[in-house]
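Reader: I am new to this kind of file. Could you help me read a few features, one at a time?

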Number of protein chains: 2
Amino acid sequence: MEAEFIHWLRECVPPRPSMPLALTDDAALVRWAGSPHIVVTTDLLSDGVDFRLAVDDPRRVGRKALAVNLSDLAAMAAEPLACFVSIALPSTGIGADQPLELAKLIYAGLLPLAEEFGAFLAGGDTNTHDGPLVISITALGNVSKRGLLMRKGGQPGDKLLVTGALGGSSLGHHLDFTPRVREALVLHENYELHAGIDISDGLALDTSRLAEASGCGAVFNSIVISGNALDLAQQESASDLGAAALRHALGDGEDFELLLAAPPSAADAILSDRPVECPVTCIGELIAEPGLWKQFGNVARTPLEPTGWQH
Amino acid sequence: MEAEFIHWLRECVPPRPSMPLALTDDAALVRWAGSPHIVVTTDLLSDGVDFRLAVDDPRRVGRKALAVNLSDLAAMAAEPLACFVSIALPSTGIGADQPLELAKLIYAGLLPLAEEFGAFLAGGDTNTHDGPLVISITALGNVSKRGLLMRKGGQPGDKLLVTGALGGSSLGHHLDFTPRVREALVLHENYELHAGIDISDGLALDTSRLAEASGCGAVFNSIVISGNALDLAQQESASDLGAAALRHALGDGEDFELLLAAPPSAADAILSDRPVECPVTCIGELIAEPGLWKQFGNVARTPLEPTGWQH
């Protein structure tokens with residue numbers, strides 16, 4: 001539904017010079033007279049959709065609510081600056097936790113991450129209602145010296161790099177992932193990157209978004225399949241374990257890894273320099289021909305469905 | 001619950017030079033190297049708490065969700081700049097409206113207000129969940145040339161001015177009020193104001209907050225009772241209509257009018273110049289003695305309960 005809604009909204013909201021990215025990227029850029037730009041992102045999470053309080057520790061839930069926003073800032077290579085946290089607490093509490101206790105647990109998970117990444121808590125709103133837990137966080141960031149990384153800007157021939165490994169996030173990674181803020185800042189400052197996105201809705205879908213925004217197509221030559229994706233495939237007793245794991249890596253979403261498009265020389269330098277702690281892998285390239293493709297080994301290129309979480 | 005929670009939170013979050021107002025005023029001030037400050041406020045509204053979709057038009061609900069944020073910016077005499085809108089839609093929709101239709105109606109109420117006050121829509125998040133409608137909006141504003149208006153700064157002898165009339169907002173004003181952004185900017189730019197707050201939780205409670213933040217007490221000499229407050233008193237068939245209406249004006253909340261503390265000369269100038277369209281009335285003054293008081297006519301000063309909406 002969200003894709004259709006954003007399409008409608010773009011028709012309603014006129015473009016403005018002060019909001020050059022309005023409604024197109026992972027975060028918005030706001031600028032005004034005499035000021036550096038500011039990057040702003042907002043994400044709303046609900047119980048039963050983005051987490052399950054019946055089984056998930058409220059601390060992990062609070063942490064996730066901030067982490068997904070930090071991942072959006074990372075996608076644009078912006079430096080976290082502040083966060084604002086609005087919470088609707090179920091008036092009955094959850095289990096043995098009264099609303100106030102629940103709020104404290106959420107913050108106990110959120111605040112250390114805010115400190116770690118410099119997204120200091122600056123304000124918020126805490127209410128109770130007759131409904132499930134809802135957490136809405138808005139995070140502000142600085143544009144880094146090299147400017148903003150965006151979905152557009154990729155060129156045919158650019159290598160596609162990913163951080164970490166993909167798929168099976170529902171096993172727990174979606175609550176405990178480390179947003180790739182540091183990686184984005186280091187890579188963007190020291191290497192030529194043309195485009196970037198965070199993989200929140202699935203590698204295939206988010207790659208097709210970056211490619212489309214860049215006016216290109218994309219072809220995968222390899223995929224970094226996570227242990228979780230393999231675990232999930234195994235739990236499903238899939239007859240073809242490899243194919244099932246690949247399906248998870250391509251379409252699961254909530255990996256919150258970075259997908260970057262970089263010219264071959266920069267990509268090679270990143271792969272040989274290893275400037276960040278997490279693994280960075282080349283999984284394909286942007287091509288002139290539109291669409292999403294795979295070409296694993298010495299076979300012909302075949303089209304690939306942009307699977308992922310369509311909101 | 002919120003007051004207790006904010007008290008706990010302030011203990012957890014260390015003060016930072018970059019967030020000089022964190023968790024004390026209607027909005028937060030964020031500053032960073034080489035940049036003018038930015039004012040940020042966030043409010044979350046839920047169905048059944050802040051509006052009732054069963055009877056309230058979704059357009060009025062969307063408008064209110066933004067207007068309460070604009071009122072917070074007005075309280076600090078900040079100029080609206082951008083807004084970010086996160087919505088959790090009930091997955092079943094409301095009445096005949098499917099979630100997508102509901103989202104469009106909410107925006108149809110919100111967008112004209114955003115345009116009118118320059119709080120241009122810059123981003124957001126729209127999801128469905130198995131729960132009531134929740135709208136969380138974050139608004140950004142510029143600090144005006146005269147700097148920020150805050151709750152602190154009032155001095156004994158300052159006159160207390162209010163815009164508009166108070167009480168009975170539940171009859172509809174809480175959905176349709178005009179945030180006092182223009183009034184705050186004009187008054188702050190042209191007259192010496194010492195302190196300000198928007199009356200969101202009740203005149204008595206919000207006055208005691210301003211007075212306390214300013215290290216003063218406050219005494220009311222008169223109250224501007226709205227027609228709605230009188231209507232409510234009448235509907236309740238109160239034996240003492242005047243006392244009932246006064247109770248509504250003092251404690252109802254959601255008036256979203258401004259309460260300002262200004263030195264007598266500035267207050268007199270505002271009252272005689274009439275520089276804004278809405279009525280501005282002097283209702284009392286700040287005093288050295290702490291607490292909230294009333295002194296209507298030639299009687300002794302008596303203490304007044306800081307009634308209002310305790311979250």
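Author: Gladly! Helix axes are lines fitted to C-alpha atoms over the stretch in contact, and angles run from 0 to 180 degrees between N-to-C directions. Helices (H or I, at least four residues) and strands (E, at least two) are DSSP runs, numbered from the N terminus. This is a predicted model, where local features need pLDDT of at least 70 and side-chain atom pairs count only at pLDDT 80 or more, while totals for chains, interfaces and linings use all residues. Residues are numbered from 1 along each chain as its sequence is written, chains are lettered from A and ligands numbered from 1 in the order in which they are written, and side-chain values use heavy atoms, leaving out hydrogens and water.

Reader: At what angle do the axes of helix H1 of chain A and helix H3 of chain B cross?

Author: At roughly 25 degrees, and the axes of H1 (residues 2–12) of chain A and H3 (residues 99–117) of chain B come within 11 Å. Angles under 35 degrees count as roughly parallel, over 145 as roughly antiparallel, 65 to 115 as roughly perpendicular and the rest as oblique. So H1(A) is roughly parallel to H3(B).

Reader: Which residues of H1(A) make the contact?

Author: Contact means heavy atoms within 4.5 Å. On H1(A) they are A:Glu4, A:Phe5, A:Trp8, A:Leu9 and A:Cys12; H3(B) brings residues including B:Tyr107.

Reader: Is A:Thr126 buried or exposed?

Author: Buried means under 20% relative accessible area, exposed over 50%, partly exposed in between (1.4 Å probe, protein chains only). A:Thr126, in strand S4 (residues 120–129) of chain A, is buried at 5%. Among the residues that A:Thr126 touches are A:Ile87 and B:Met1.

Technical notes: Lists of a residue's contacts leave out its neighbours within four places in sequence.
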